[in-house]
Amino acid sequence: MQAFEYRTPKTLKEVQQDLKQFGSDAKLIAGGTALVIMMRQRLVRPACLISLRSVRGLDRIAEKNGGIAIGGATTHRAVESSALVKRRLPLLAETYHHVATVRVRNMATVGGGLAHADPNQDPPPTLIALGATVKASSADGSRTIPVEDYYETVLKPDEIITELYVPRLAANSGAAFLKFLPRTADDYATVSAAAVVTLDKSKKTFSDVRIALGSVGTTAIRARDAEAVLRGQPIKAEALAEAGEKAKQAVDPISDFRGSAAYKKEMAGVFVRRALAKALEGLVRLPKAAAKKDRR
Ligand SMILES: Cc1cc2nc3c(=O)[nH]c(=O)nc-3n(C[C@H](O)[C@H](O)[C@H](O)COP(=O)(O)OP(=O)(O)OC[C@H]3O[C@@H](n4cnc5c(N)ncnc54)[C@H](O)[C@@H]3O)c2cc1C
């Protein structure tokens, strides 16, 4: 590792000033779980590290406009343990719980994870399905980016993620996240899928559906064609299977030690169908055929 300057700002304003001063020569460091590895491998060689550890007010979890606002430096562990998150958006707590091990979750932060933008991460599919946004800010102002539009280089060098905002679920909605991990329980996913379904008042028809997948492309992917198959349609096992088939067409995985591209594509369809069925649990009694297919 090459020598670097280490700054420990106490306020967001100081962070923004440091980022403005050093530009692309600086790197923010939050949990350090990704950055330190990249520095050791000499993939990044910052002249200055700006620590977020002492910055006041960046690790709050609070109710906002009916949804939940989570500070950029909040740890994964804090999200999974938050009574507010568990009560209002249990899927969010559950998803962050799926990340790696408790040691990693005690360090890794919400903003660090999103900024790192590894397509194999767990939170992005759930955040996309829930319609979450991130707030990026710099000395020149702030902007809101839907997680759906987030990719590795979307942040400017002088920007910091200050907040993740997750809106509340609409009435008659169910949500699910599934992580397919055939190797070990603390691995990255071979395929992951998240689904949020909203039913009409009769609870017989899908009024809205959002589906997203992880580990099957260069970013997390929203499966819009799969959603379109279900929107406005009655709840039927065949429709869930058809949405799974459409999701397969949306993904573009690579072959690696977690599985071949063909296998991951196949699993993408299976896990979208299962995530939809799980999201429907508690809202409706699933058609028998859907439950049966799910036991495969
Ligand atoms: C062994 C291991 C296993 C893992 N397994 C999984 C897994 O299964 N699923 C999963 O989802 N994740 C997993 N992770 C975690 C994940 O991939 C990242 O390491 C983690 O989310 C990064 O968070 P951090 O706070 O440590 O970021 P850091 O390492 O501190 O920073 C990462 C990047 O984000 C930038 N950054 C940090 N904070 C901000 C901010 N607020 N605004 C803008 N930029 C910022 C940094 O400059 C750096 O470029 C694993 C990590 C490890 C080490």
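**The ligand and its surroundings**

An oxygen atom of the ligand lies 2.8 Å from a polar backbone atom of Gly32, and an oxygen atom of the ligand is 2.9 Å from a polar backbone atom of Gly31. A side chain takes part as well: an N or O atom in the side chain of Thr109 is 2.7 Å from an oxygen atom of the ligand. On its own the ligand has 990 Å² of accessible area, of which the protein covers 89%; such areas come from the Shrake-Rupley method with a 1.4 Å probe, and for residues only the protein chains shown count as cover.

The model is predicted, so that local features need pLDDT of at least 70 and side-chain atom pairs count only at pLDDT 80 or more, whereas totals for chains, interfaces and linings use all residues. Residues are numbered from 1 along each chain as its sequence is written, and side-chain values use heavy atoms, with hydrogens and water left out.

Helices (H or I, at least four residues) and strands (E, at least two) are DSSP runs, numbered from the N terminus. Helix α7 gives the most, with five residues. In total 30 residues surround the ligand, the closest being Leu28, Thr33, Leu35, Thr109 and Tyr188; a residue is near a molecule if one of its heavy atoms lies within 4 Å of it.

Val166 has its place in strand β8. Val166 counts as buried because its relative accessibility is 0%; buried means under 20% relative accessible area, exposed over 50%, and partly exposed in between (1.4 Å probe, protein chains only). Val166 and Ala132 are 34 residues apart in sequence, yet their C-alpha atoms are 4.4 Å apart in space. Beyond residues up to four places away in sequence, Val166 touches Gly67, Ile68, Leu89, Leu92, Leu127, Leu130 and Ala132, where contact means heavy atoms within 4.5 Å.

Ser173 is found in strand β9 (residues 173-180) and, at 17% relative accessibility, counts as buried. A polar atom of the Ser173 side chain lies 2.8 Å from the backbone oxygen of Ala170. The side chains of Ser173 and Thr198 make a polar contact (2.8 Å); this term denotes a pair of N or O atoms within 3.5 Å; within protein, one must be able to donate a hydrogen and the other to accept it, and residues adjacent in sequence count only if both atoms are side-chain atoms.
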